[in-house]
Amino acid sequence: MKKNNENLSGKIVPASSVGLAFKRAVKSFALLKESRIGMAGLFLVVLWILIAIFAPLIAPYDPLANFQPFLKPGMVDSKGNLFLLGTDQIGRDMLSRLIFGARRVLIFAPLATFSAYLVGIVMGLLAGYRGGWWDIVLTRVGDVILSFPPIVLYIVIIGVVGATAINIVAAIILASGPGIMRIVRGLVLDIRTREYIAAAETRGESDLFIMLVEILPNARGPLIVDACLRLGFVTITIGILAFLGLGLPPPEPDWGGMVNEARVFALAFPHMTLFPCIAISSLVLGFNLLADGLREISLRD
Amino acid sequence: MQIPVLVFVLKRIGYMVFTMVAVSLLVFLLLEVNVEGVAVGVLGPYSTEEQRNLWLEANGYFRPAYVRYFEWVSRFFTGDLGHSVRFNVPVADIMWPRLWNTAILGFWAMAIIIPMSLVLGVLAGMKEGSPQDRAVSLLCILTVSVPEFATATFFSAVFVFGLKWLPGISAMTDGFDWVQLILPVAVLVTYDFGYVARMTRASMAEVMTTAYIRTAFLKGLPYRIVISKHALRNALIAPFTVILLQFNWLLNGVIVVEFAFAYKGFGALLLEASLNEDIYLIEACSMVAVFVAVSTQVLADIGYMYLNPRIRFK
Amino acid sequence: MTIDYNETVLEIEGLCLSYFIRAGEVPAVVDFDLKLHRGEAVGLVGESGCGKSTVANAIMQYMGNTGAIVKGKVKFMGNDMSEMSGEQIRQIRGKEIAMVYQEPMAALNPSLSIATQMTEVLVFHEGAAIHDAYERSLNMLRDVHIPDPERLMESYPHQISGGQQQRVVIAMALLLNPSLLLLDEPTTALDVTVEAGIVELIAELSSKFGTSLLYISHNLGLMLEVCDRIAVMYSGEVVEEGSVESIFSNPKHPYTHGLFGCIPMLHTDKNAHPLVAIPGQLPLPHERPQGCYFGPRCHSFKGAVCDAEEISMSKIGGEDRNHRVRCPRWEEIKKDDSINRVVAKKPIDTGSTVLEVENMQKYYVMHDNSLGALMTGKRVKYVKANEQINFRAAQGETVAIVGESGCGKSTFAKVLVGLETVTKGEVRLEGVDIGSMPVKSRSPELLSSLQMIFQNPNDTLNPSLSVGMQIGRVIKRFGLESDPAKIKDRVLQLLDSIKMPRDSYFRMPRQLSGGQKQRVGIARAFAGQPKTVIADEPISALDVSVAAAVTEVLMDMQRNYATTLLFISHDLSTVRYLSDRIVVMYLGQIMERGTTSEVFSPPYHPYTEALLSAVPIADLSVEKRRIVLEGTLPSPLDPPRGCPFSTRCFRKVGNICDEELPPVQFAADRHAIACHIPLEELEAVEPVIKLPDRDENVHRDV
């Protein structure tokens, strides 16, 4: 506190506000410590992120290299190579493929989620704060898209335009954007009745300032929790699409795709489908636990 | 009092019609505006340019899009859904039986999900923070974290390969078989009950903290009466909506499960149609899927109004 | 019915209550004693966080998962409640001890009809047959003076007004004729005229049934009207208790003195007699000091005496043998010491007219899409929020706009600042008509000259921005300074003038108390040096002692800048204390306007008269004529055709009141009354409030 008093003499306003924001972010993560569930989630997510980043260092083999096929976990091939999780139907190392597979899901799930959030937030702010025709048009468009069962939307769109990375991300934005818009709109409708918004309006602030500075930061709590849940859900969606054969094309490793390719051999070699399933489940569990922990500490405040 | 209710219902149905029109436009735009794609879909990728043009000409595809749209929509109303290239039968002949199979699957899944999630949710929410609450919450988080195809894999590993209790294929080639239904239903239940249970728990926990529950206790009512008469009534309003909207999400699982267990249902049909670019079949399936989804939404709204006197008696 | 008034209904001895949370044990109530006889009304008074509601919950044995009785006994009819089984407790709840709460809407189950909620009490406690229970409930509703009880029985809670909901809750509580009724702020959520009715009802019923009352409230004036004895609580303990007369005429504890110093009294005003706030803040439970909890805030604090050891209650003797106080120095302390005295302040010189409102009208358009509306073609309805508003305010003047909820006072504020525009008429600020100028089209100069202070301390500041940024933004926005260092200087000066420490500059709103947030809100409004400030109920959400501090800050700021202040409030005693002119509104229309002394003495508009009578006054020496209004506020969607007050008026002269808008009569130059009753008759009305001679007045002007 003393330090702050000394600081008052200098001109440090912009720097200190950035510093403050940073401090607050650190503090809120420190709060997560109090939630055991949240910490477990954070651990799982961080673990997979580290695996994805350091994949080339951790993975024992090239994920695309072919060795002896159908080796069970812990077996050694004729050249003495050990395969901790076995090999797949064309002799690629399961462990290396799992490790590299983390990269794909951890790039596409966040990319798609954040893009959807960008779209959803802009739509939600406009619909909620501007109201009138903006609200009517955006809400109706959202309702129409939300009336599709999401999987139908994915199957039809990807079936028509083809399974490329951009198409999959675009389909996810289209399918989840309106849902995010609804949440943002609801939050905005609540926040806009607050007195500090009236104070900003009577100061003559622009709509953009009000939406971005006065409203959006105060909606962050529920949005962060929702984003975490949604990350998990998008991860599942990407997995399902790959499992149904609508995912990104091979041969790059992809957890859902691995299950799809190995399905026919599952009877004799269950390890080929079990391990990718465990991988994706643990990552999604991480996101969900993290979301639950964040919600728990946000309720406690 | 009756007239406002009627107006409300009519309004909701009107909005439903609007949505269906918008959806049909969207589906049409996506699938039929690119006529070349239609021709490829029907005649196959190895057809020649000339063949395609002839086919398009013969089927009136060079007319303006809006004319074709109205024709398409009106054919829909007469029940003529087109011809499936993949199965080489009229779309209606293959789609309706498949929809029936899926209805059986969905019915049994819901018949277990609803009571199970409501009971667990109410038990957990009744005493927030208690061991029973923590156990239910953790169970729900675990099950919603495992995607359906993973659950299917795990269950197959245990019950089909390990214990050899159940068949791994639910194709029902020799007629309807209960045993083959068990695994698909189990997978759907495992993934979907958690979400409803969590919503029920949240709703129940919130109701338990309200002042009117305190009033009920301080009036000296017995615990079970407070729960059954005062709490449940209000706590089950939210889950009701969630359950009806859950149909939309259940379809996710239905497609995965039908694909995984080779169950001959609507979801697998849509997937097959999409993978084979069977355009008329895709159109019919997606329109039916959206229709079912929108109908449940309307039901949810009307039911919500009936459950909530604050809206009913305005 | 014979009632033995010596019978002890409730006896509490040395009760200590704690909450057990993650951080550990939090003592909520310490060493609490209470004895309640049959038919007696005892008040627990104190500010929020003093533990008064916790006591009520403990009596009900309903402390939630985290609360528990740590020490002491609660004896009901001589039986220790801690020794009773759960089933015995359940039998007592609702039958022997009943409770009424602050928010009647929240206390009633939204999805059950009133009939269901009332009859079940009889069914489960006495096994009454349904139709029998129904009849008895109906009779009880008649006892609480609800019109058309048959229809009400079939209603759902949201369909009836707040006042009626509270009557239902009271009826439900009294169904089994309990010996003890706990009332936890039963009228705080209600309008004053409705409150007056409920207070009267409670008094009537308790004498009729011989029910003992434990009345919990923060409002000293209300205590005076309803209680025989009161206990003043501070930070979890009773600091003083005794009969109402004894405590009001001869308060002993410095905190009680402090409370009286915070309440605006009727015969003073802001210049002659500024309010004296209690310095400091309520200590958090785990930060309570050794010895006297009030020590750090007390003017008479003396080391080694006040902070040595636990302080017990001592009897002060005198007329009331049971008047006790928890202060070791009560014999030495005089009232003057604690309210460390008042310096009269110079009135502001008022200047020329700044704000003029002429025939202002504001209607909201509502589209009715119901089938009935479609068939009759009346699809557009108007909510007449403001009708025929006329008044002027001069520079430096304080004009109060008074009225109950739904009277249109907040709509009026919105029109002034440009969040809404007028439907008709003019609003002139220094000659410029701003009535139809929405905020978006106002120039920065215009915006800066008209600023607003808001009601809700938790809502007035943006939770994501620091205090310094929020005040600095105003200075920058209105172009007073552009250099960051200079902006900061100004903000710091403003923090000085609202008596906040300079390091609050970096604080986030959630780190501030309610009163501090409200002060920052004031600083923000004055940062642009406005000519006119509109304060919309700025202190109504605050505790008494905090409200006093905020009021004084507001008055000081106004003085510094010679600002015109429009003070919107429902509280006539505050209004009387700080305003020069008063505008009384009802259902969107001005009923009466004039200077403060004109409005507070005859001729009154009948509504003003009722309003004056309804205000609880914490002063034994003031005599008040009782007027209780019948009925509820009509909907602004469908106001009466004639005088808006005609449906509830107790001086109605006939059909003319229902049929015709009342004429505006001028009793003096700018003292206007809108009423059909001739001025002479209104002139002849006896004053509602009679002030004693100043010399007789015991407890203020020593």
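**The contact between chains A and C**

Mentor: In this predicted model, the contact draws 20 residues from chain A and 30 residues from chain C. On the side of chain A that touches chain C, the elements giving two or more residues are α1 (2-7), α2 (13-32) and α9 (195-202) of chain A. Of these, α9(A) provides the largest share, 6 residues. Sorted by class, this side of chain A holds 8 nonpolar, 6 polar and 6 charged residues.

The chain that carries this surface may be described next. Chain A contains 13 helices and 2 strands, and its C-alpha trace spans about 80 × 55 × 30 Å along the principal axes. Of the 301 residues in chain A, 49% are buried. Among the contacts in chain A with a separation of 6 or more, 69% join residues 24 or more positions apart.

Helix α6 (residues 132-146) of chain A has 15 residues, which at 1.5 Å a residue should span 21 Å; the end C-alpha atoms are 21 Å apart, so the two values agree. The buried residues of α6(A) are L138(A), G142(A), V144(A), I145(A) and L146(A). As a general point, an α-helix has 3.6 residues a turn, so residues three or four places apart point the same way.

Chain A is also met by chain B. Here 36 residues of chain B are in contact with 33 residues of chain A. At least two residues each of the side of chain B that touches chain A come from α1 (2-32), α6 (131-145), α7 (148-162), α11, α12 (266-275) and α13 (279-307) of chain B. By class, that side of chain B comprises 26 nonpolar, 9 polar and 1 charged residues.

Helix α11 of chain B, one of those contributors, also packs within its own chain. Helix α5 (residues 91-126) of chain B and helix α11 (residues 237-260) of chain B pack at an angle of about 135 degrees, their axes being 11 Å apart. The two helices, α5(B) and α11(B), are therefore oblique to each other, and α5(B) passes α11(B) in a right-handed crossing. From α5(B), the residues T102(B), L105(B), G106(B), A109(B), I114(B), L118(B) and G121(B) meet P239(B), I243(B), L250(B) and V254(B) in α11(B). The contact of α5(B) with α11(B) has 8 nonpolar, 3 polar and no charged residues.

Technical notes
Residues numbered from 1 in each chain as written. Chains lettered and ligands numbered in written order. Predicted model: local features only at pLDDT ≥ 70, side-chain atom pairs only at ≥ 80, totals over all residues. Contact = placed C-beta atoms within 7 Å. Helix = DSSP H or I, 4+ residues; strand = E, 2+ residues; numbered from the N terminus. Nonpolar A, V, L, I, M, F, W, Y, C, P; charged D, E, K, R; others polar. Buried ≥ 20, exposed ≤ 12 C-beta atoms within 10 Å, placed from the backbone. Expected span 1.5 Å × (residues − 1). Axes fitted to C-alpha atoms, helices over the stretch in contact; angles between N-to-C directions. Parallel < 35°, antiparallel > 145°, perpendicular 65-115°, else oblique. Left-handed = near helix turned anticlockwise from the far one by under 90°.
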